[in-house]
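Look at the model below and pick out its helices and strands. The paragraphs that follow go through how some of them are arranged.

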Amino acid sequence: MARSVATRILQDHLVEGELTPGTPIALKIDQTLTQDATGTLVMLELEAMGLDRIKTEVSTQYVDHNLIQEDHKNPDDHKFLQSAAARFGLHFSRPGNGVSHPVHQQRFGRPGATLAGSDSHSPAAGAIGMIAIGSGGLDVAMAMAGEPLRIKAPEIWGIELTGELPDWVSAKDVILEMLRRHGVDGGVGRIIEYHGPGLDGLSAMDRHVIANMGAELGATTTVFPADETVRAYLASYGLEDAFTEIVEHDPEFDAEDSIDLSTLIPLIAKPTSPGNVVPVEEVAGQPISQSYIGSSANPGYRDIAIVAQVLKAADAKAHPDVSLDVNPSSRSILADLIRDGHLYELVKRGARIHQAGCNGCIGMGQAPATDTISLRTTPRNFPNRSGTKEDRVHLCSPETAVASAMTGVITDPRTLAESHGISYPSVGETTDPTVDDDLLQAPPSPEESAATEIVKGPNIDSLPDLEALPDELIVPVLLKVGDDVSTDEILRAGTEVLPYRSNIPKIAEFTFDVVDETYPSRAKEQRDGPDDGHDSGHAIVGGTNYGQGSSREHAAIAPRFLGLRVVLVKDYARIHWQNLANFGVLALEFADGSDLDGLERGDVLHLAGLHDLVDSGNSIEVAVTGADGSDKGTITAAHTLSERQRAYVRAGGTTNWMRERI
């Protein structure tokens, strides 16, 4: 394989396989990251495995998603996570400390390390030369237990950056340009590696913005060199001893592209996909109701300070029809914004300041008004993710967001020079950041951990028992979906749903309700109903890129709890494909994609010889009976499961398999 920063780190951590793209490999994992929307299941999984103490270099449990305490459920889960982190030996980042990705980079960043994170935006750590891979929670739990992370070896996609960003154009426009060119599946099976002289003008947090949203391209991860910019960043947080230079001066790649930064213009992703990107000037003039700055996709000091300084330079306030929402990404950055006067300017000029956390990005507050445009610096604009049904969320840079907040309509920020007589403010990252670990708790000693009791409130339930795969299944198709179905559509986030993330029976009631609100009740009826000659489970069929987006494993375990046994689609997004195997769902693919056209909801699939299929086979003939009892012939289905995944599916899930090992 060609030599690059990515291959250098991968080779250093390779414990099984060869770096031949598409083949199974296993990587030693140094660090893990979990957050509260996914970490509750991870901790329950560690408990179910019988693990004594984690075996990684660093593992940290963050509370950043579910911060709204409207009743006991979220604070109960916070106590559960705090006690579980102490029991298993993790660091614990308390509510209000900040979003996991920037905080982890600030406090635990180490170039050359590997990280598995139960959040799909974990690749943000690639900004400082780490190989950070978003994974399902069960894969992260396995890494904590000392197991390697198993993935398919990726291609390395080199993106050469040249030139300098023009005024009013920033790092968000770089990743939006990648999405404009390549769409939401352009990075599938690849690590994106940025290199070239254009890096000199990008700060570590600029790189964080770009690496974070590589997930929206479907990439395995994104990585930047660990150069002098990274050294200075780590040194500013007191982590210079963790720095190792990782630079390849003449890298080679499996695929290549290039971006001349000087040619970029302000871009915006229209609803309802991060890949629906157009120039801002193309949609300028449309009224907006909200302008939202922050999230893990624009978490830096500069990303918020630039908003304050544009408002100050224009002597302007937020338009009276616009809610200007500012979400600092960490307690440290919030302190710096206060110290340097930027927060004063924001408050003075009409901004609403929210606590350090994910907040509206995950639908936990700041939902926009019905049928109005919300501009957001967040990473995703999938349907209903904001918490408002039929939302009209557009993704953009802080510059576009503040320009539009001032005018009340979508505004190309380059026009502010003429309309408001201002030049682009010179704002960079702080070189003297506040280091505040008051809300970051170190793990106790092994002896103290062993004596710690895990605290479970009334909303926390144990993981459901999952039975092993039978040799034969006769299951109806309960749902047929199209292409690019996201995990937000399989199981949405938001204030109504996320508080039940540790209560699988309850959260399962929301499964697929964005797509078909009758699915949960029909699935339960099939699972619990009388014997009709079919198995109690069911199947789902669909198109390409099934399960894109968030890494949340609830999108696998909740339908599995409702009886899902087989998914048959054209192809899968990487993390969800692995999550299905982790919970014993057989993930099959059409040998001929056109066979999807002939399948309908209510058809019955007859699959025989499943044990031989997962033990040694790769394809199976599936007999199809129509909903009316007619014979619809057979179709060929195949799988690309690794030997290990086959064992997971056969056992009924990874927890069953791992429990026997421990």
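Helices H2 and H3 are oblique to each other, because an angle that is neither under 35 degrees (roughly parallel), nor over 145 (roughly antiparallel), nor 65 to 115 (roughly perpendicular) counts as oblique. The axes of H2 (residues 36-49) and H3 (residues 73-88) come within 10 Å and cross at roughly 45°. Here axes are lines fitted to C-alpha atoms, for helices over the stretch in contact, and angles run from 0 to 180 degrees between N-to-C directions. Helices (H or I, at least four residues) and strands (E, at least two) are DSSP runs, numbered from the N terminus.

This is a predicted model, in which local features need pLDDT of at least 70, side-chain atom pairs count only at pLDDT 80 or more, and totals for chains, interfaces and linings use all residues. Residues are numbered from 1 along each chain as its sequence is written, and side-chain values use heavy atoms, with hydrogens and water left out.

Which residues of H2 and H3 meet? Among them are Met43 and Leu44 in H2, and Phe80 and Leu81 in H3; contact means heavy atoms within 4.5 Å. The residues of this contact divide into seven nonpolar, three polar and three charged. In this grouping Ala, Val, Leu, Ile, Met, Phe, Trp, Tyr, Cys and Pro are nonpolar, Asp, Glu, Lys and Arg are charged, and the others, Gly among them, are polar.

In H7, Ala204, Met205 and Arg207 meet Thr229, Val230 and Tyr233 of H8.

Now the strands. Six of them form an open sheet with mixed pairing, in the order S7-S6-S3-S4-S5-S20; two strands pair if DSSP finds at least two bridges between them. S7 (131-134) and S20 (440-441) stand at the edges with a single partner strand each, so one side of each is left without a neighbour in the sheet. Within the sheet, S4 (residues 58-62) and S5 (residues 91-93) pair in the parallel sense over three bridges. Tyr62 has Ser93 in S5 as its bridge partner. Helix H4 (residues 100-108) packs on this sheet, and its direction makes about 145° with that of S4.

Elsewhere, S9 (residues 155-162) pairs with S10 (residues 190-195) in the parallel sense over six bridges. Ile159 stands opposite Tyr194 in S10. S9 is also joined by six bridges to S12 (residues 255-260), and these two run parallel.
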